[in-house]
Amino acid sequence: MRKKNKTAHIAAKAGFFFFAVLFFMAHLTVWGAGNDTSEDIRVGLESRYAQKASITLYNTRLGIGFSTDREYAVEVALQCGDGLTVSAERAPFFEVRNYRGTAERAEALAKRLREAGAAAYPVLFSAENAGVYLPVEENGETKTGARLRCEQAAAECGVLLEDGQRESNYLIRLDAGERIFLADGAEGYYPQFVPLEENEEGILAVNLGARSYRGRIEIGRYGGRTTVTAVNVVPLEEYLYGVVPCEMPASWHTEALKAQAVCARSYALIKAGYHAETDIKRGYRMGDTEQSQVYGGIVFENARSTAAVRATRGETLCYGNRTVAGYYFAASGGHTENSEDVWGFSLPYLRGVPDIYETNPSKKPWSVTLSAKELADVLLSGGKRVGTVQKVTQEITTASGRVYSLRVKGSLATVSLNTDALRNILQLAATKFKVVGSADIPDLVSVQGANASRQAAIHGCYIMDGTGKVQSADGLTDQYVVLSADNLTNFPRFAPEEGEYLFAGMGSGHGVGMSQSGARSMAEHGFTYTEILKHYFTGISIR
């Protein structure tokens with residue numbers, strides 16, 4: 001583990017670059033020291049900066065370094081002018097035989113080779129480990145001629161070239177003005193870029209144009225791809241500044257925001273882990289989209305959300321003595337779900353619970369109408385060929401009212417769609433829905449009178465709302481929502497046309513863990529964030 005930074009000087013234009021290093025030496029005193037990164041996480045910026053031909057960093061001053069043994073150190077300081085562009089390098093090259101040295105030595109040799117007539121650039125493999133590559137620039141020149149030119153320059157400098165030219169499998173090229181660097185991730189490390197000056201808001205951030213990010217940006221060709229992807233290596237708490245306002249409106253109650261912060265922190269710890277070093281094959285475990293947690297960087301930060309993060313600093317959901325993932329979703333529709341009824345595995349802290357406070361959800365009751373042909377086409381796009389749809393049946397419904405299994409009978413085959421796969425294939429907001437055919441009476445209920453009960457359609461009755469007002473139910477809404485002791489139930493008002501199927505539902509998301517809409521309502525009713533979390537997560541503590 002390195003305790004003191006050793007500044008490395010790499011540049012194609014050595015004179016200008018050494019001036020830049022001297023100019024930034026004061027910054028290197030701060031940033032170059034071994035900085036503990038044990039609380040950094042890695043977030044793939046999939047929404048905007050994944051698998052690109054090139055990515056530009058628009059900072060005028062940047063440090064380049066590596067994270068090894070969970071410490072980060074700046075190796076190079078750059079004055080970037082209009083920015084630094086990182087791209088995949090595909091050109092073939094020659095390599096100086098049996099040569100590895102410090103960055104200073106590599107740059108000195110590259111300069112001598114350039115003076116001898118060959119294009120030559122240092123390659124930074126990792127901290128204090130550099131080589132020299134000579135790109136093959138054909139420009140009408142034969143490969144034999146190119147090699148001869150490079151060999152002549154090498155001989156003049158007293159070095160030899162490796163036999164045969166190589167392809168740049170893991171090389172990336174850094175362009176800043178007229179300077180060109182080559183950086184290599186083949187030995188397990190990609191460079192990480194850190195800002196050396198604050199932005200207009202007084203924040204140290206890497207500027208990627210549309211968005212800026214705290215921490216560092218690593219750019220690499222993960223998995224041997226021919227494109228580059230940006231990964232934000234960021235302290236956990238600062239990462240949450242850009243997550244909480246993206247996942248929950250900052251205008252919501254403070255206690256709800258605190259509950260969201262604890263959930264997001266717990267989720268990140270389990271899914272991303274404390275790991276700042278490069279993973280060449282993949283690069284990251286967690287992205288910045290809703291597939292993980294939506295993360296927008298600095299532009300989305302909000303003072304109220306940031307205050308909630310700071311008020312709960314370090315707090316996570318714990319079951320026993322271990323932190324557990326804080327799953328959450330937009331709205332439950334009246335009751336959350338057991339983990340095994342969605343994902344197939346049971347976790348003791350993810351038990352379905354009543355969510356009767358969720359009376360004003362952010363996602364309202366919804367409906368989707370599909371013709372038989374549209375339903376068959378959707379199934380086919382999901383890899384399930386049924387032919388002409390003949391019948392749709394809810395096979396299994398959970399205690400919370402969600403469809404666990406939906407059976408679709410077709411002219412060619414009968415298939416069953418289960419749990420979360422059902423929601424994804426049919427592109428429904430949630431699995432808490434009812435399927436209604438053209439011959440059904442969807443709002444049929446039992447009406448209890450003084451002497452007997454009878455079956456009746458809600459739209460033909462009079463109802464009493466929450467204020468005690470009695471009025472005709474006809475025409476009030478497309479769906480009726482009934483509150484019971486421990487759940488909410490929906491009744492579509494009308495059946496669809498002949499040959500159509502109506503999917504009428506409530507809630508949004510997978511339904512496991514904390515309902516964000518329910519958390520907001522509980523907060524508005526006076527519950528604290530710890531009480532909210534202990535309601536949604538069974539048997540947990542907050543530490």
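**A buried threonine and its surroundings**

Guide: In this predicted model, T398 has a relative accessibility of 11% and counts as buried.

Visitor: Why is T398 called buried?

Guide: Buried means under 20% relative accessible area. The value for T398 is 11%, so the residue counts as buried. T398 is found in the loop between β22 and β23.

Visitor: What makes the pairing of the T398 and E337 side chains a polar contact?

Guide: The cut-off for such a pair of N or O atoms is within 3.5 Å. The two side chains make their contact at 2.7 Å, so the distance meets that limit. Leaving aside residues up to four places away in sequence, T398 touches E337, D341 and Y404.

Visitor: Which residues line the second largest cavity?

Guide: Its lining includes T398, E337, D341 and Y404, along with R402, V403 and H510. β23 and α10 are the elements that give two or more residues to this lining. The cavity holds about 50 Å³ of space, and the lining residues divide into three nonpolar, four polar and four charged.

Visitor: How do you know that the buried residues of α9 lie on the same side of the helix?

Guide: The buried residues of α9 are A372, L375, A376 and L379. They cover an arc of only 100° around the axis, and therefore lie on the same side of α9. On the other side, K373 and S381 are exposed. Among the elements against which the buried residues of α9 pack are β22, β23 and α10.

Conventions. Residues are numbered from 1 along each chain as its sequence is written. This is a predicted model: local features need pLDDT of at least 70, side-chain atom pairs count only at pLDDT 80 or more; totals for chains, interfaces and linings use all residues. Side-chain values use heavy atoms; hydrogens and water are left out. Buried means under 20% relative accessible area, exposed over 50%, partly exposed in between (1.4 Å probe, protein chains only). Helices (H or I, at least four residues) and strands (E, at least two) are DSSP runs, numbered from the N terminus. The arc is that of the directions from the helix axis to the C-beta atoms. Contact means heavy atoms within 4.5 Å. A polar contact is a pair of N or O atoms within 3.5 Å; within protein, one must be able to donate a hydrogen and the other to accept it, and residues adjacent in sequence count only if both atoms are side-chain atoms. On a 1 Å grid over the protein atoms alone, a cavity is a set of points where a 1.4 Å probe fits but cannot get out, and a pocket is an open set with protein on both sides within 12 Å along at least five of seven lines; lining residues have an atom within 4 Å of a point. Grid points are joined across faces, edges and corners, and a volume is the space filled by probe spheres set on the points. Ala, Val, Leu, Ile, Met, Phe, Trp, Tyr, Cys and Pro count as nonpolar, Asp, Glu, Lys and Arg as charged, and the others, Gly among them, as polar.
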